[in-house]
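Let's take a walk through this structure together, stopping at a few helices and a few side chains along the way. Have the viewer open and follow along.

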Amino acid sequence: MHSLSRRLLISVSVPLALFFGVMMVVLDTGFRALSERSVEEVLDRQMVALIAAAEPQPNGGYAPAPNRLDPRLETPRSGLYAQIRSPLHEWRSPSTAGLRGDFGALLTRGQRNLAYATFGYDRVAIESRAIQFEDDPNGTRALTFRVAVSLSPYEQQLWRFRQELIGWFIGLMLALLVTLAALLRWVLAPLRRMEREIHEVEEGRSETLGSGYPRELSGVASNLNALLVGERKRVARYRDTLGNLAHSLKTPLAVMRSSLPGAGAADTVCGEIDRMSGIIEHQLKRAAASGGALLGAAPVEVEQVATELRMALLRVYAGKDLIIELALAPGAQFIGDRGDLTELLGNLLDNACKWCRSRVRLTAGSDGAMQVRERLSLTIEDDGPGISAADRARVLERGVRADASVPGHGLGLAMVRDTVDLYGGQLMIDRSPLGGARVAVRLSGR
């Protein structure tokens, strides 16, 4: 289950990352355009200087006058190169010495362009202009002037800018995310507190939520507290009323039984009175447990209840050579009413003791579901005749007994089924490795 803090952080992080990504692209595009304009400005300045320095030569060509150009044009592989070319003559700057590279074809008068080429391993930008001098002593002809500048410094500068840009944006985004996470932790602290207190109520370590919540949550906390208190009072009042009702009903039935004469029909009436008493007891217990697992109910130690039942059943069935084994996981707990657990285990163990030959085994533990409330697993086995597959569903019905010759009202397993249903559990009956019946129950526990 995703937390609210994580959802909020992700919902903020995604737009933030997209925003920074777009900003990086925009800044990179702007810096690249600025670099290109810088290259063009350098080419323009060098072109004007080359044209201004060009002088006719005795051989009919043109070359710049000494010491009038950028010193880099005199240094081989300096990154700045120049060419003056006519149909019959060509001059190249000393900086092109040892380089393989083509400046391009001649241009016609008035032409101007910007191109890119490779000189050796160096990528360069080349600006070309074709002009004609009016006072050309060699006649009217177009000269092609070219200036090339290495792009390596600009590309390295662009690469460094991109690295710094990515580093700064990543650092800024991480700083913002850490700040946002801290703010979200502070803002959502009341919700985490409410979650913790609800967890404590579910585990029975607290009866109500605390106070001091922000205005937006104070109404929720107070209403939930009122619901918890009201529910506990309602269930307590309901059970007290039903207890009084049980006492009121049992007394008239006892008087009726004691007032009946001798045998014959009286035995039949007594049997029906006993049956009515069992039905009333079953329905009253079922109604009294209708609250199920209440919030705020303290956990019940399974070992304590099971030990008490074992001692009581060993006394009840003292005439049997009976062994009741308890295989209980340490710390096994049941979250709910202690009476419900006692009634459930009591009915199942009593049935097992009644039908077994000499051995009954109770196993209790968790099924490993790591949730707020784990599933408590209870298994009761015996070495008796067992329950046939045809009778396994039928014996869970009220008033039905697998063997009518055995004393009882047929209500025990029906009461167990009702209690399991109240707690949203499961009940299964099959054959035990001991030879008799095995009843497996899974309940909300811890």
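In this predicted model, helix 6, which covers residues 302-316, packs against helix 7, residues 338-355, with the two axes 10 Å apart and an angle of about 40° between them. Because of that angle, helix 6 is oblique to helix 7. If you turn the view to look at the crossing itself, helix 6 passes helix 7 in a right-handed sense.

Which residues of the two helices meet? On the helix 6 side, they are Val-302, Gln-304, Val-305, Glu-308, Leu-309 and Leu-313. Helix 7 brings Arg-338, Leu-341, Thr-342, Leu-345, Gly-346, Leu-349, Asp-350 and Cys-353 to the contact. Sorted by class, the contact of helix 6 with helix 7 has 8 nonpolar residues, along with 3 polar and 3 charged ones.

Is Cys-353 buried or exposed? Its relative accessibility is 0%, so Cys-353 counts as buried. Cys-356 is buried too, because its relative accessible area is 5%.

Next, move along to helix 8, residues 412-422. This helix is mostly covered, with 8 of its 11 residues buried. The buried ones begin with Gly-412, Leu-413, Ala-414, Met-415 and Val-416, and they also include Asp-418, Thr-419 and Val-420. After helix 8 comes Gly-424, which has a positive phi, near 65°.

For the last stop, go back to helix 1, which spans residues 4-53, and find Gln-46 within it. Why does Gln-46 count as buried? The reason is its relative accessibility, 13%, since the cut-off for buried is under 20%. What is Gln-46 in contact with, leaving aside its neighbours within four places in sequence? The partners of Gln-46 are Asp-70, Arg-72, Leu-80 and Val-147.

Notes: Residues numbered from 1 in each chain as written. Predicted model: local features only at pLDDT ≥ 70, side-chain atom pairs only at ≥ 80, totals over all residues. Heavy atoms only, no water. Helix = DSSP H or I, 4+ residues; strand = E, 2+ residues; numbered from the N terminus. Buried < 20%, exposed > 50% of the residue type's maximum accessible area, 1.4 Å probe, protein only. Contact = heavy atoms within 4.5 Å. Axes fitted to C-alpha atoms, helices over the stretch in contact; angles between N-to-C directions. Parallel < 35°, antiparallel > 145°, perpendicular 65-115°, else oblique. Left-handed = near helix turned anticlockwise from the far one by under 90°. Nonpolar A, V, L, I, M, F, W, Y, C, P; charged D, E, K, R; others polar.
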